[in-house]
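Please read the following note alongside the sequence and the model.

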Amino acid sequence: MTWILSIEHTSRYRYSEPSGGSFNEARMLPQSDRSQFVLQRHLIVTPSAHVLEYQDYWGTLTHVFEVHQPHHELSIIARSQVQTGTGPLTEPESPSWLHYRDPVFDDAFAEYLDPTDKTLIGNTDEVLSALDLLRCSATPLDAAQGASDLVHERLTYEVGSTAVSTSATEAWSIRKGVCQDFAHLCIGFLRRLGIPARYVSGYYYPDQEASIGELIDAESHAWVEAWVGSWLPLDPTNREVEPERYVVVGRGRDYSDVPPLVGIYSGIGSSTMEVHVGVVRQS
C-alpha cells in the first residue's frame, strides 16, 4: 500500500534581545529512496538567507544557511510531499549467524557496529541476561525483532523524561524515554549482538483512523534499521512498522548524526525554541 503524505515542519527561535547573526544546519527534508518517492520539497527561512544544499557523509540531505542581519526571530519551515510505502513488501532472507563472524563483514559495517556514547547499554546482570536470550534466536532476523520487542516492553514512553543528551544506559536505568531513547537502546542491543544497526530520523503519521485531507499534529520521529541481509526497519516505540506511515529524513550512527536543526547565534539575549509538525494524508 502506498500513501501520499504532506508534511510541514516548523522550527522557530525567538530571542529576548536582537541577534546580530546566526549560523545554522538543517536536516528537515526527505529525499527519494527505495522506501519513498519525494514529489516536492522546499525550505523557507525568515529572515531570508542564502541556503546551500548538500548530502552529508551519511547521505542525509542537509541545508546550511547564515543570517547576517539583526533579528528577534528565526523561522525555518520545511514543506514536503512524499509517496510512502514504495519499498519491498516481504522481509529479507536472513543470513546465518556465521555470516556475521566474517572479518570482511565487520570491516564493511564497522561504523554501524561500534558503540557510541548514546548507544552504550552497559553490563548489568539484566542486560547480559537479555543478550544471552537474544543470542539463542534461530536467526539474526529473529534476534533483531526480539531486541525491538524487548525495548518496547521494558520502556515506558514519557515526554519530558529524558533529553537529547540522554544515553541508552540512562534510559534503561529509569525505564522511560521518548522515541530517540527507544531507538538508541535498540541499537545498543543490536550492536552488542554483532548486528549492524543505524538510527533513522524522520516523520511518522500517528493516526491511521484520520480522514484523508485531515491535518494531524505530529512530531519528528526516530526508529531503527538493522542489517539482516538488507536493511530492515524496526520501530521499538510503536512495535509494528507500517511502511506507508513513515517518512525517512536521515540515517546515522545515533541522533548526533541527524539532528533536525543545529546552529549558533550572536547576541546577549536568551533564546527559546518552538517546534511544530503537521501531517496530512492526501491519498
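1. Arg-175 has a relative accessibility of 23% and therefore counts as partly exposed; in this note, buried means under 20% relative accessible area, exposed means over 50%, and partly exposed lies in between (1.4 Å probe, protein chains only). Its salt-bridge partner is Glu-126, with the closest N and O atoms 2.3 Å apart. A salt bridge here is a side-chain nitrogen of Lys or Arg within 4 Å of a carboxyl oxygen of Asp or Glu. The two residues belong to distant parts of the chain, 49 residues apart: Glu-126 is in helix 2, and Arg-175 is in the loop between helix 4 and strand 8 (176-177). Glu-126, at 35% relative accessibility, is likewise classed as partly exposed.

2. The model is predicted: local features need pLDDT of at least 70 and side-chain atom pairs count only at pLDDT 80 or more, while totals for chains, interfaces and linings use all residues. Residues are numbered from 1 along each chain as its sequence is written, and side-chain values use heavy atoms, with hydrogens and water left out. Helices (H or I, at least four residues) and strands (E, at least two) are DSSP runs, numbered from the N terminus.

3. How many salt bridges does the structure hold? There are 18. One of them joins Asp-132 and Arg-135 (3.4 Å, N to O); both residues lie in helix 2, three residues apart, or about one turn of the helix. An α-helix has 3.6 residues a turn, so residues three or four places apart point the same way. A further salt bridge joins Lys-176 and Glu-158, whose closest N and O atoms are 3.7 Å apart. Because Lys-176 lies in strand 8 and Glu-158 in the loop between strand 7 (156-157) and helix 4, this pair ties together parts 18 residues apart in sequence. Elsewhere, Arg-12, Arg-14, Glu-73 and Glu-274 are linked in a network of salt bridges.

4. The largest nonpolar core has 44 residues, and those with the most contacts inside it are Leu-185, Phe-189, Leu-190, Ile-195 and Val-224. Such a core is a set of buried Ala, Val, Leu, Ile, Met, Phe, Trp, Tyr and Cys residues joined through side-chain atoms within 4.5 Å. Its largest share, eight residues, comes from helix 5. Apart from neighbours within four places in sequence, Leu-185 is in contact (heavy atoms within 4.5 Å) with Ile-121, Val-151, Leu-155, Ala-168 and Trp-172. A second, separate core of 28 residues includes Leu-74, Ile-216, Val-249 and Val-277.

5. Is helix 5 largely enclosed or open? Of its 14 residues, 13 are buried, so helix 5 is largely enclosed by the rest of the structure. From first C-alpha to last, helix 5 reaches 20 Å, close to the 20 Å expected at 1.5 Å a residue; the expected span is 1.5 Å times one less than the number of residues. Just after helix 5, Gly-194 takes a positive phi of about 85°.

6. Four strands form an open sheet in the order 12-11-9-13, with antiparallel pairing; two strands pair if DSSP finds at least two bridges between them. The edge strands, strand 12 and strand 13 (246-252), each pair on one side only. Strand 9 and strand 13 pair over six bridges, and Val-200 stands opposite Arg-251 in strand 13. Helix 5 packs on the sheet, touching strand 9, strand 11 and strand 12, and its direction makes about 10° with that of strand 11. Axes are lines fitted to C-alpha atoms, for helices over the stretch in contact, and angles run from 0 to 180 degrees between N-to-C directions.
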